[in-house]
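Trainee: I am new to this structure and would like a close look at a single part of it. Could you take me through that part slowly and then connect it to what surrounds it?

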Amino acid sequence: MLLMCLKAFLVGGAICVVGQLLIDITKMTPARILVTFVCLGVVLGAIGVYDRLVDFAGAGATIPLTGFGNSLAAGVREAVDRDGLLGVVTGGLTACAGGVTVAVLAGLVTALVTKPKDK
């Protein structure tokens with residue numbers, strides 16, 4: 001158990017370090033970096049590399065945005081096997097619907113509970 005936590009910490013931390021380096025070294029905006037991470041997760045998930053990283057690091061690989069991209073790729077893969085070409089459109093949405101719903105509801109609750117301020 002402790003070894004799995006250490007692996008998750010190291011892999012998740014390494015992904016975050018890459019993101020921080022991209023912010024510090026390049027002129028990429030945070031939004032572009034986030035999109036890059038999601039797309040990288042999709043590509044690595046589509047070719048089967050990211051699944052091995054998930055097996056190794058668990059939550060350290062599934063919680064960052066690259067894990068979201070991997071979930072999209074896995075959902076599309078399963079939906080294409082099941083529904084054919086229609087699965088390309090529906091698979092990613094179906095696979096990530098739960099996580100997106102929780103994020104939207106958490107944002108709604110936060111907006112209702114806190115007092116917004118203009119910058």
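**A close look at Tyr 50**

Mentor: Leaving aside residues up to four places away in sequence, Tyr 50 is in contact (heavy atoms within 4.5 Å) with Ile 15, Leu 44, Gly 45, Ala 61, Thr 66, Gly 67 and Asn 70. This is a predicted model, in which local features need pLDDT of at least 70 and side-chain atom pairs count only at pLDDT 80 or more, while totals for chains, interfaces and linings use all residues. Residues are numbered from 1 along each chain as its sequence is written, and side-chain values use heavy atoms, with hydrogens and water left out.

Tyr 50 also belongs to the largest nonpolar core, whose seven residues are Val 11, Ile 15, Ile 33, Phe 37, Tyr 50, Ala 57 and Ala 61. Such a core is a set of buried Ala, Val, Leu, Ile, Met, Phe, Trp, Tyr and Cys residues joined through side-chain atoms within 4.5 Å, where buried means under 20% relative accessible area, exposed means over 50%, and partly exposed lies in between (1.4 Å probe, protein chains only). Two or more residues of this core come from each of helix H1 (2-25), helix H2 (30-46) and helix H3 (49-57); helices here are DSSP runs (H or I, at least four residues), numbered from the N terminus.

Helix H2 also holds Leu 34, which is partly exposed, with a relative accessible area of 44%.

As for salt bridges (a side-chain nitrogen of Lys or Arg within 4 Å of a carboxyl oxygen of Asp or Glu), a search of the whole structure finds one. Asp 83 forms a salt bridge with Arg 82, and their closest N and O atoms are 3.5 Å apart. Asp 83 is partly exposed at 39% relative accessible area, whereas Arg 82 counts as exposed at 57%.
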